[in-house]
Amino acid sequence: MKQNELLEIRELIDKKEINKAQLQVSKLHNKLQNDPEYLFLRSKIFYINRLYYLAIDTLLIALEFGQNEEIYSLLAEIYKFLDNEELSKKILDKSSRKEAIDGLKLILTGLYKKNN
């Protein structure tokens, strides 16, 4: 059931039906708030809606529950978009990724630190 719901949200995002995707994500919050795939999709919607800080914060939270290339790639994409090419490259590079992410967690405030 969970996979079907998340797949439906992915499809809505791919079709650029962001409002519908956002509504579906909101419905799943209580059930999947600690699921890395759910958090990734939520971040993607934040990024599309130009809520960069929320997208980054949500991706950092997602990394607490599971690490995958999709999360790192979106995080790197956001930082590249924000003109921080150096950090983007560090996040994509597996040898410097941990240090880059740990550094972000130390300097950023917000939901990530509030939950920890």
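## Ser43 and its contacts

In this predicted model, Ser43 touches Ala55, Thr58, Leu59 and Leu74, leaving aside neighbours within four places in sequence. Ser43 sits in helix α3. Its relative accessibility is 0%, so Ser43 counts as buried.

## The nonpolar core

The largest nonpolar core has 37 residues. Among these, Leu75, Ile91 and Leu104 touch the most other members. Helices α1 (2-14), α2 (18-32), α3 (36-48), α4 (52-65), α5 (69-81), α6 (85-92) and α7 (97-107) each supply at least two residues of this core. The largest share, eight residues, comes from α4. In soluble globular proteins, nonpolar side chains tend to be buried together.

Take Ile91. Not counting residues up to four places away in sequence, Ile91 touches Tyr72, Leu75, Ala76, Tyr79, Arg97, Ala100, Ile101 and Leu104. Two of these partners, Arg97 and Tyr72, also meet each other: Arg97 lies over the face of Tyr72, at 3.9 Å from the ring centre.

## Aromatic pairs

The model has three aromatic pairs. One of them joins Tyr47 and Phe81 edge-to-face, at 6.2 Å centre to centre and 80 degrees between the planes. Tyr47 lies in helix α3 and Phe81 in helix α5, so this pair ties together parts 34 residues apart in sequence. Tyr47 is buried, at 14% relative accessibility. Phe81 is partly exposed, at 47% relative accessible area.

Another pair, Tyr52 and Phe81, is tilted: 5.2 Å centre to centre, 40 degrees between the planes. Tyr52 belongs to helix α4 and Phe81 to helix α5, so the pair links parts 29 residues apart in sequence. Tyr52 is buried, with a relative accessible area of 18%. Together, Tyr47, Tyr52 and Phe81 form one aromatic cluster.

How values were computed. Residues are numbered from 1 along each chain as its sequence is written. This is a predicted model: local features need pLDDT of at least 70, side-chain atom pairs count only at pLDDT 80 or more; totals for chains, interfaces and linings use all residues. Side-chain values use heavy atoms; hydrogens and water are left out. A nonpolar core is a set of buried Ala, Val, Leu, Ile, Met, Phe, Trp, Tyr and Cys residues joined through side-chain atoms within 4.5 Å. Buried means under 20% relative accessible area, exposed over 50%, partly exposed in between (1.4 Å probe, protein chains only). Helices (H or I, at least four residues) and strands (E, at least two) are DSSP runs, numbered from the N terminus. Contact means heavy atoms within 4.5 Å. Rings of Phe, Tyr and Trp (its six-membered ring) pair if their centres lie within 6.5 Å; planes under 30 degrees apart count as stacked, over 60 as edge-to-face and the rest as tilted. A charge sits over a ring if NZ of Lys or CZ of Arg is within 6 Å of the ring centre and within 35 degrees of the ring normal.
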